[in-house]
Amino acid sequence: MTEKLFEPIALGALEMANRIIMAPMTRDRAGPHDVPTDLMVEYYRQRASAGLIVTEGTQPSREGKGYWRTPGIYSQEQIDGWAKVAEAVHGEGGKLVMQIMHCGRVVVADNREYDADVIAPSAIACGDKVPGPDGVPTATAIPRGLETDEMPALIQEFAQAAKNARAAGIDGVELHCASGYLVHQFLNSRSNQREDQWGGAVENRIRFPVAILQAMADAIGGNRVGFRISPGNPYNDVDVNDPEATFAPFLKAANDLGLAYVHVVDMGLEGLEALSMIRDNWSGPIITNNGLKADSANAILAAGRAEAVSFGRAFIANPDLVERIRDGVALAKPDYTKLYTGEAEGYIDYPRAGE
Ligand SMILES: Cc1cc2nc3c(=O)[nH]c(=O)nc-3n(C[C@H](O)[C@H](O)[C@H](O)COP(=O)(O)O)c2cc1C
């Protein structure tokens, strides 16, 4: 049973032909100056039958880059590159939003082609290792704790990124508030040990994401802005205790901004019914993700627990995932050794069913 997956829906201003969303996936195929490449144009074009594509995490500034060959959205060259991606996806009748991802302290310096500060709420290094250019896990840099008077300009960088995404013809943006990157570093009391209005009590720790979402909404309209959370996710050395105490107030505060959606990576934690917690604190559309199959995804929609679903890994080797689900065709398996090589192989060479 998959029919619910094929009901059209609008998430804010994002009108989708079906409820199958491609989840954001970093694939390390950007070119010099972090400009999207023709490989990326082709990759996203192939997957445009998704009701909505959420692009790979894209840095709003030089400081936002932590991984090798990730794209940016702060220079004209990058905007022009993304415009080709948007045109290709729209040409196939698809829609796309850009995930705005600032790595904060999760940075391996060699992954950048330039020198730039590594910034975080507090000068506390991420205890987890991160892949360097050769894929080898490497210790991260010790970040510089942000000064209070730097915060307004940092928030504006995100708003400018949203404007740039729209200038490229992209339909909207998704703020990455998950997985231990900069926004999550502010939300989390282990990585955020600030003593000003941006740290400490939960009202202060949620201030940064809410301010960014407000600024993005002012810049491009709230109905084109979504955000992604992963309550209880320990990735990148954040504390997982009591996620509801942080995320319920965050959702409540974001609820007033008229945003397009919240996208949750449901960690399936004992003691946290993530979808119920979100429904109780958020009145907008919910996209759910993590380990879903066509049947389980359809069941969540049929039960009214979410409005749309996203698939990550299934889209890697199945550019025609939507058609395969519709036709009940078996899914191909990705070659995980080719995820981050920078090459065409293992990226744009997965055939459609029957090809
Ligand atoms: C190769 C790869 C890269 C990913 N990159 C990102 C990313 O840039 N931003 C993000 O929010 N999640 C990222 N994720 C997480 C996925 O969006 C998704 O949450 C995860 O794969 C679980 O969904 P799935 O079970 O359908 O694969 C990535 C996952 C994979 C496999």
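Predicted model: local features only at pLDDT ≥ 70, side-chain atom pairs only at ≥ 80, totals over all residues.
Local features were taken only at pLDDT of at least 70 and side-chain atom pairs only at pLDDT 80 or more, whereas totals for chains, interfaces and linings use all residues. Numbering starts from 1 along each chain as its sequence is written.

The protein chain contains 11 helices and 14 strands. These elements are DSSP runs numbered from the N terminus, with helices (H or I) of at least four residues and strands (E) of at least two. The C-alpha trace spans about 60 × 45 × 35 Å along its principal axes. Buried residues make up 50% of the 355 residues. A residue counts as buried if 20 or more other C-beta atoms lie within 10 Å of its own, as exposed if 12 or fewer do, and as partly exposed in between; C-beta atoms are placed from the backbone. Contacts require C-beta atoms, placed from the backbone, within 7 Å. Of the contacts with a separation of 6 or more, 73% join residues 24 or more positions apart.

The largest nonpolar core has 96 residues. Such a core is a set of buried Ala, Val, Leu, Ile, Met, Phe, Trp, Tyr and Cys residues joined through C-beta atoms within 7 Å. Ile21, Ala162, Met216 and Val309 have the most contacts inside this core. Helix 6 (residues 207-220) gives the most to the core, with seven residues. Beyond its neighbours within four places in sequence, Val309 touches residues including Ile20, Ile21, Ile287, Leu292 and Ile300. In soluble globular proteins, nonpolar side chains tend to be buried together.

Helix 3 (residues 151-167) has 17 residues. From first to last C-alpha, helix 3 reaches 24 Å, close to the expected 24 Å. The expected span is 1.5 Å times one less than the number of residues. The buried residues of helix 3 are Glu157, Phe158, Ala159, Ala161, Ala162, Asn164 and Ala165. They pack against helix 2 (76-91), strand 5 (96-100), strand 10 (172-176), helix 6 and strand 11 (225-229).

The ligand is surrounded by 22 residues, and the closest are Ala23, Met25, Gly57, Gly312 and Arg313. The shell has 10 nonpolar, nine polar and three charged residues. Here Ala, Val, Leu, Ile, Met, Phe, Trp, Tyr, Cys and Pro count as nonpolar, Asp, Glu, Lys and Arg as charged, and the others, Gly among them, as polar.

Asp28 lies in the loop between strand 3 and helix 1. Its phi is near 60°, a positive value in a residue other than glycine. Asp28 counts as buried, with 20 C-beta neighbours inside 10 Å. Pro32 lies in the loop between strand 3 (20-22) and helix 1 (38-46). Pro32 is exposed, because 9 other C-beta atoms lie within 10 Å.

Terms used. Near = placed C-beta within 6 Å. Contact = placed C-beta atoms within 7 Å.
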